[in-house]
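Hello,

Please find the structure below. My notes come after it.

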Amino acid sequence: MGMTDVLIVGAGPTGLVLACDLARRGTAVRIVDRSPVPPRTSRAKGPNPRSLEILDDLGVAEEVLAAGSAPLPMLKYRDRRPVAEADPWADSAPSPNARYGRGWLIAQWRLEGILRDRLAGYGVRVEPGREVVGLAQGRNGGDGDGGDGGHVDVTYADGPAERARYVVGCDGAHSSVRKLLGITFEGTTAEDQVMVCGDVDLAEGVLDRTRWHQWFDEDGAVMLCPIPGTRTGWWFQAGPERDGRGRPLAPTADGFRRLLAHHTALPGRALTRAELLSTYRVNVRMADRFRAGRVLLAGDAAHVHAIAGGLGMNTGIQDAFNLGWKLGLVLAGHTDAELLDTYEEERLPVAARTLDLASERLRATLEAIRRPGGGLDAAITPDTTGLGVGYRWSALAAGGRAPEAARPGPCAGDRAPDAPCADAATGAGTRLHRVFAGPRTTVLGFGPGSAAVLRETADTYGGDAGVRVCRVYAAHEDRAGAEPGAVVDDAGHAAAAYGTGASGDTGAGTVVVVRPDHHVGVLAPADDARSVREYLRRLHGTGRSAERSPGMVDAVR
């Protein structure tokens with residue numbers, strides 16, 4: 001039986017992002033889905049700013065932006081008449097430390113298509129019609145690194161079994177992988193909080209496509225948002241029709257027409273087609289663990305929450321980006337499998353907080369729509385951008401300085417800020433997230449004092465060990481001997497973002513280790529080479545230093 005490194009079960013956005021991240025590392029990855037064809041579901045409305053940064057790192061952000069549209073202002077109605085308009089994104093703009101000031105509207109099936117194309121570029125294709133029915137962990141199932149002979153045997157409803165070093169369940173709220181592991185999915189389903197959804201076509205010209213229309217009445221609601229890239233397609237969401245005993249009825253095209261006629265000034269016949277019909281109930285559930293030996297859970301398989309704030313798909317994408325580099329380093333033999341424990345350590349508390357945040361936004365929205373003029377803008381807060389999510393509690397943040405109230409800039413565990421800068425050699429505009437892009441750890445050096453640590457790091461890990469160094473020059477600094485890849489902080493944005501002092505400060509300097517998922521691992525004075533060295537050794541092993549004289553690695557103290 002052949003062995004694959006990672007088998008991903010489920011080819012939604014979470015599984016596809018993980019597959020792309022692993023494939024570009026050269027990991028032997030396979031991705032299967034029980035659906036015989038790519039599912040076209042009417043679900044997520046698009047990536048938030050943090051997910052856009054991840055898609056940018058994977059090289060697909062421009063395509064996503066081109067295929068979608070900016071989020072739309074919301075027009076709210078009562079008794080069929082417009083009563084208020086709100087644009088919750090009006091004040092959201094790109095900033096030096098965050099290129100994407102707001103999320104983006106794109107149909108989930110379109111985003112999945114873009115990710116499948118990117119994955120195919122690495123020679124990996126989704127294998128459809130493959131339903132996992134059995135998982136058995138072999139020797140050392142729980143521990144050891146990727147080369148220790150431990151494995152998972154996977155059986156399918158039909159077709160040959162296969163063996164993988166790791167399996168990741170990205171197979172949604174009804175995850176077969178989670179059920180096979182016997183992991184509980186604690187939480188609640190609110191049977192009374194029901195919404196019917198679908199993709200519909202409306203006759204051309206009956207409704208302004210530059211607005212997200214929301215009718216909220218005492219006896220129900222209809223919401224219509226134009227689907228980008230279509231001429232007549234709309235996302236339809238509504239309170240359900242109910243039977244004589246008040247029980248929700250299943251969605252039908254005719255039911256959608258009746259809801260449209262009842263709540264809006266449009267005739268039912270304006271709705272010419274309805275498909276991908278589904279009933280949404282508010283589910284708030286979370287797995288009690290995200291890892292069982294060599295099997296891990298991500299996305300909806302690990303956590304589901306209220307739809308408010310649009311956090312479902314985004315949390316899954318961000319799970320995948322946290323997990324991919326860790327699996328990659330373990331499988332490459334740079335570090336042991338204990339690194340995978342930090343996936344649950346970091347993402348489980350984020351999922352728990354997201355459950356609370358989404359439930360709170362839902363409560364705020366349900367409260368808001370009781371009043372004329374209230375609408376879904378109540379669900380949008382700075383918390384829903386994803387940019388503030390960090391892991392200060394993580395074992396991988398131990399190397400950093402404790403937060404000091406007086407010190408600006410990020411702490412260990414926080415998202416590493418972006419900043420516009422210029423290539424030191426060519427003067428061409430670039431930015432720090434472009435420097436971080438690709439599956440490597442980055443060591444940034446600010447100030448002349450950082451040169452020794454960068455040189456030691458390059459000597460130890462240079463070449464293909466997955467670590468790169470980048471000297472960040474202040475505008476006034478002499479950069480005659482600048483190494484390739486160095487950048488100039490020409491407007492001082494990087495120094496401001498990382499709290500490294502004014503551009504005129506020529507103190508000891510600062511060194512920042514940035515993980516492959518754009519989070520700060522270490523932020524230390526440049527004379528603290530030990531913190532940097534120990535952190536890199538933990539993630540990347542000893543590099544080339546073991547091959548040289550024992551004194552070399554300790555040359556810089």
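Here is what turned up, with the ground rules at the start.

This is a predicted model, where local features need pLDDT of at least 70, side-chain atom pairs count only at pLDDT 80 or more, and totals for chains, interfaces and linings use all residues. Residues are numbered from 1 along each chain as its sequence is written, and side-chain values use heavy atoms, with hydrogens and water left out.

Start with helix H1, residues 13-23. Helices (H or I, at least four residues) and strands (E, at least two) are DSSP runs, numbered from the N terminus. Eleven of the eleven residues in H1 are buried. Buried means under 20% relative accessible area, exposed over 50%, and partly exposed in between (1.4 Å probe, protein chains only). Among the buried ones are Pro13, Leu16, Cys20 and Asp21.

Next, the rings. Rings of Phe, Tyr and Trp (its six-membered ring) pair if their centres lie within 6.5 Å; planes under 30 degrees apart are stacked, over 60 edge-to-face, the rest tilted. The count is five aromatic pairs. Phe236 and Phe256 are stacked, 4.1 Å centre to centre with 20 degrees between the planes. Phe236 lies in strand S12 and Phe256 in helix H6, 20 residues apart. Both Phe236 and Phe256 are buried.

Why is the pair Tyr391 and Trp393 edge-to-face? Because the planes are at 90 degrees, with the ring centres 6.1 Å apart. Tyr391 is buried at 3% relative accessible area. Trp393 is partly exposed at 43%.

Last, the charged end of Arg178 sits over the ring of Phe185, 3.6 Å from its centre. That requires NZ of Lys or CZ of Arg within 6 Å of the ring centre and within 35 degrees of the ring normal.

Best wishes
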